[in-house]
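Subject: Handover of a structure, with notes

Dear colleague,

Please find the structure below for your study.

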Amino acid sequence: MGQELVLKAYGKINLGLDVVRRLENGYHEVRMVMQSVELADTVTMRRLAEDEIVVKTDKSGLPCDERNLAYKAAKLMKERYSIQGGVEIFLEKRIPMAAGMAGGSADCAAVLKGMNELFGLELSLKKLQEEGVKLGADVPYCLLGGCALSEGIGEVLTALKKPPACTVLLAKPDIDVSTKHVYENLRLDELEHHPDIDGILQSIETEHLEGLCEKLENVLESVTGKEYPVIGEIEKLMKEAGALQAIMSGSGPTVFGIFKESEAAKEAMDMIRSKSLAKEVFVSGFQA
């Protein structure tokens, strides 16, 4: 058991996001294709002799108490497995907050892994996922990473092969979106069609990047995109700059564009910044 651990917490995008139905418990049954991106937070964990949980971060405005998923993850593991001693967690944030990229869930997953390793618990991935879903629907996926089909409320996962290589441009406009608000205002009965999730799966299997991009779609954009026109403006600019496709990730507001050429993505990044459409803009790629 080491005394210090450094982990990467990778952000995610949704290559496809469909909502099948609203469940009686208020949750929604979803069918999504998730993909990790190279943009990541760095999570440094250190064992403490004192019986406490200390969370620190370089990001102003991010709570470091029990409201933080990383804190909740450490607390859950300490209580569930009667861990003696404490832990200090430092979150170096690069994934934008409230962005539809599961930054909080990624940090949470990293802490679950870290607690498992730091305290020699020897829990399986499956067991960690069972604990993680108690903290958030995206946490089991963030523990798995890579490319995966996500069903149920997000906890039923099927690992997929990595899609064809490309450059991913990420742009988060300066707005915050409430996931709860987006799902509550989604009108499933008014949707004319749903994303072709099976088509996305087939394009990934056949390694057909253009075919994949033709099918990228996010049903939640019917809510967030209407409320925030800047999302559509960023998508339009990315496509005009050479993106094969550009859509919103998660409940938003982050937009991602898929480019064949990294230079075109960099030019689009500069254009987005110069037009003040978004401050947080990153050139990235798919993470295995």
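A polar contact is a pair of N or O atoms within 3.5 Å; within protein, one atom must be able to donate a hydrogen and the other to accept it, and residues adjacent in sequence count only if both atoms are side-chain atoms. The model is predicted, so local features need pLDDT of at least 70 and side-chain atom pairs count only at pLDDT 80 or more, while totals for chains, interfaces and linings use all residues. Residues are numbered from 1 along each chain as its sequence is written, and side-chain values use heavy atoms, with hydrogens and water left out.

**Asn-68**

By the definition of a polar contact, the side chain of Asn-68 places a polar atom 2.7 Å from the backbone nitrogen of Ala-70. The side chain of Asn-68 also reaches the backbone oxygen of Pro-63, at 2.8 Å. Asn-68 sits in the loop between β3 (53-57) and α1 (69-80); helices (H or I, at least four residues) and strands (E, at least two) are DSSP runs, numbered from the N terminus. Asn-68 counts as buried, at 7% relative accessibility. Here buried means under 20% relative accessible area, exposed over 50%, and partly exposed in between (1.4 Å probe, protein chains only). Leaving aside residues up to four places away in sequence, Asn-68 touches Val-55, Leu-62, Pro-63 and Leu-91, where contact means heavy atoms within 4.5 Å.

**The chain as a whole**

The protein chain has 10 helices and 11 strands. Its radius of gyration is 19 Å, close to the 19 Å that the globule rule gives for 288 residues, so the chain is as compact as a globular protein of that length. The radius is taken over C-alpha atoms, and the globule rule is 2.2 Å times the number of residues to the power 0.38. Of the 288 residues, 53% count as buried. Among contacts with a separation of 6 or more, 75% join residues 24 or more positions apart.

**Helix α9**

Which residues of helix α9 (residues 230-240) are buried? They are Val-230, Ile-231, Ile-234, Glu-235, Leu-237 and Met-238. Seen down the axis of α9, these buried residues fall within an arc of 165° (from the directions between the helix axis and the C-beta atoms), so they line one face of the helix. They pack against β7 (167-172), α8 (221-227), β9 (245-248), β10 (255-259) and α10 (262-274). The face of α9 turned away from its buried side carries the exposed residues Lys-236 and Glu-240.

**Cysteines**

A disulfide is a pair of cysteine sulfur atoms within 2.5 Å, and by this rule the count is 0. The sulfur of Cys-64 is 15 Å from the closest cysteine sulfur, in Cys-108, too far for a bond. For Cys-108, the closest cysteine sulfur is that of Cys-142, at 8.4 Å, again too far for a bond. Cys-64 is partly exposed, with a relative accessible area of 29%, whereas Cys-108 is buried, at 0%.

**Backbone exceptions**

Most residues other than glycine have a negative phi, and most peptide bonds are trans. The peptide bond from Gly-252 to Pro-253 is cis, with omega near 5°. Glu-207 has a positive phi, near 55°, and is exposed at 53% relative accessibility. Ser-276 likewise has a positive phi, of about 55°, in the loop between α10 and β11 (280-284).

Yours sincerely
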